[in-house]
Amino acid sequence: MGTVFNILAGERCLDLVNTLDNRPVPEKKLELLPDYASFAMWAEQAGIISRQKRQRLCEVALADPARATNVLSWVIELRESLYRIFDRIVGEQQPPKSDLDLVAHFLAQSYRAVRFRSTHGVYQLDWQDGEQLESPLWPIVRSASSLLTSPDLKLVRKCSVETCRWLFVDRSKNHSRRWCDMKICGNRTKARKYYSRTKLDAGEGARATQQ
Ligand SMILES: [Zn+2]
């Protein structure tokens, strides 16, 4: 039931960026988060919230649709800032200060919701508490802040298929990952390469006979 999202970026903040599909082709742009329920479904599949929490959040959203619309607009605002930040970084350009400030603003907000959770006497920070519609935002913001301040920032890549350009962290052994997903974009590229190679072979063959 519902949309099955491709969670493959290796960081939640980049998976969020990838919820606007077909970015490079304006007429084909596809919004994968048209409403709060879709966002909650994405958050569950991204491992941010449990199924129970998603169901509870969706009930809260139904009871307060204006608030849900508001929270969704923050999600989209954050996503577009994250896109501009990481897209510039991949292109070795300076990200816009206003976008970095927005992420910092959300990060500060997230700390207002933080709690301590202890498991067998080991304490951790926890953002999962409560039924606030914005609560799935906090793990995304933390993912953005830790990626921005980590050496892995250098491993952020764009899918090499021009019409895709999904973002991901290349943590493959040789840092040779080229596609968001081998099955989707990898195979598409291989099929095209195969096609142009067979055409080339035919051409070379023809040239050979002319000589
Ligand atoms: Zn791709």
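Which residues line the largest cavity?

## Cavity

The largest cavity is lined by Val 17, Asn 18, Arg 23, Tyr 83, Cys 164, Arg 165, Trp 166 and Leu 167. This is a predicted model, in which local features need pLDDT of at least 70 and side-chain atom pairs pLDDT 80 or more, while totals for chains, interfaces and linings use all residues. Residues are numbered from 1 along each chain as its sequence is written, and side-chain values use heavy atoms, with hydrogens and water left out.

The volume of the largest cavity is about 30 Å³. A cavity is a set of points on a 1 Å grid over the protein atoms alone where a 1.4 Å probe fits but cannot get out, and lining residues have an atom within 4 Å of a point. Volume is the space filled by probe spheres set on the points, which are joined across faces, edges and corners.

## Zinc site

Cys 159, Cys 164, Cys 180 and Cys 185 donate their SG atoms to the zinc ion from 2.2 to 2.4 Å; donors are N, O and S atoms within 2.8 Å of the metal (3.2 Å for Na, K and Ca), and water is not among the atoms, so sites may look incomplete. The arrangement is tetrahedral because the four donor atoms subtend angles of 104 to 121 degrees, the criterion for four donors being that all angles lie between 85 and 135 degrees.

Cys 159 and Cys 185 are both buried, that is, under 20% relative accessible area (1.4 Å probe, protein chains only).

## Aromatic cluster

Ring pairs join Tyr 36, Phe 39 and Trp 42 into a cluster; rings of Phe, Tyr and Trp (its six-membered ring) pair if their centres lie within 6.5 Å.

Key:
1 Å grid on protein atoms, 1.4 Å probe; cavity = no way out; pocket = protein on both sides within 12 Å on 5 of 7 lines; lining within 4 Å. Tetrahedral: all angles 85-135°; square planar, octahedral: opposite > 155°, others 65-115°. Buried < 20%, exposed > 50% of the residue type's maximum accessible area, 1.4 Å probe, protein only. Phe/Tyr/Trp six-rings, centres within 6.5 Å; stacked < 30°, edge-to-face > 60°.
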